[in-house]
Amino acid sequence: MSSSAIRTSPSGSPIALGLTLESGQVFHWKKDADARWHGLIGDVPVTVAECDGSLLVQPGHEDLVGKYFSLDHPLEEIYAKFPNDPASRESLQMCRGLRIIRQPRWECLATFITSSMKRVASIRAMSFAIRKKFGQPVSGSDVEAYPAPGVLAAASESDLRTCGLGYRAKNLLLTARRVAEGGIELDALCSLPTPELRSSLESLPGVGTKVANCVLLFAYERLDAVPIDVWIGRVLMAMRKGRPGTPSQLARYARRRLGPYAGYVQQYLFHRARNAKG
DNA sequence: CGCCAGGGTCTCG
DNA sequence: CGAGACCATGGC
């Protein structure tokens, strides 16, 4: 592969590429027989491979790829603030090098609107279907770019349903219209404090507490945001010695116990829980 | 085949 | 604020 190696962060903390791309943050990357990953960063086709914790990319893509995969995140500092309970320690041992990606905001928001009550494999299938039906073809990629808000805003609900969205089609359509009409400017919101940003996101159709936290964590660099889905809900309940709780109680517990990088801890716990199976 | 999933929204206490 | 009903689909 015509590629040059780029280094990870100055501290030398590595990236685990496969873990990062298979941890339910992003849903359109494909691994080939040679363990190279093919995907799009925005509308730029990218091929990435991992070699001893560093990334190999095409010349010229170093900055784009480095930012997308958050190679500047200080993993050792983050790990130093991990909680000391057995589950968190074990998740760190399993997931060392997994990074929270910086995703394009609309793409992240839209895919997580479609994610409710769906498994990762289904979210991935819907994502590909939406790209294929509405997205712009990209030269050098077998995956289409994620369609802009205006494109989905001009679609019909029944067209969206053909992508397997079910009742989520209406929410995606309504939110696409809000964004396309300028009712909310996703990129401009990045300067807002987290509470105000969260409120803005939750004003969108199909965006509640959990989806807003996914977008805060995966697209707005709020590394303390904790999405609580059924998996993390079970993990938190186990950490509370089996004591169940309301969503707000679990959120408060997570804020208190998972530390300043709670979003990172959550992602590691999520991956550990989903891959437990014994 | 039945089960469950990176939930949101509305209604009613 | 908290609990329940309802929503559609597909992988397994």
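Start by selecting DNA strand B: of its atoms within 4 Å of the protein, 56% belong to sugar or phosphate and the rest to bases. You are looking at a predicted model, in which local features need pLDDT of at least 70 and side-chain atom pairs count only at pLDDT 80 or more, while totals for chains, interfaces and linings use all residues. Residues are numbered from 1 along each chain as its sequence is written, chains are lettered from A and ligands numbered from 1 in the order in which they are written, and side-chain values use heavy atoms, with hydrogens and water left out.

**Stop 1: around DNA strand B**

Next, show the 28 residues that surround DNA strand B (a residue is near a strand if one of its heavy atoms lies within 4 Å of it). The closest are G24, R119, V120, W231 and Q267.

Now look for polar contacts (pairs of N or O atoms within 3.5 Å). At G24, a polar backbone atom is 2.6 Å from a base nitrogen of DNA strand B. The side chain of R119 has an N or O atom 3.0 Å from a base oxygen of DNA strand B.

Colour α11 (209–219), α12 (230–239) and α14 (262–274), the elements that give two or more residues to this surface. Helices here are DSSP runs of H or I with at least four residues, numbered from the N terminus. By class, the surface near DNA strand B has 14 nonpolar, 9 polar and 5 charged residues; Gly counts as polar, and Asp, Glu, Lys and Arg as charged.

**Stop 2: DNA strand C**

A side-chain N or O atom of R119 is 3.0 Å from a base nitrogen of DNA strand C. Select R168 as well: one of its polar side-chain atoms lies 3.4 Å from a base nitrogen of DNA strand C. At Y167, a backbone N or O atom lies 3.4 Å from a sugar or linking oxygen of DNA strand C.

Sugar and phosphate account for 64% of the atoms of DNA strand C that come within 4 Å of the protein. This surface has 1 nonpolar, 4 polar and 4 charged residues.

How values were computed. Polar contact = N/O pair within 3.5 Å; in protein donor to acceptor, adjacent residues only side chain to side chain.
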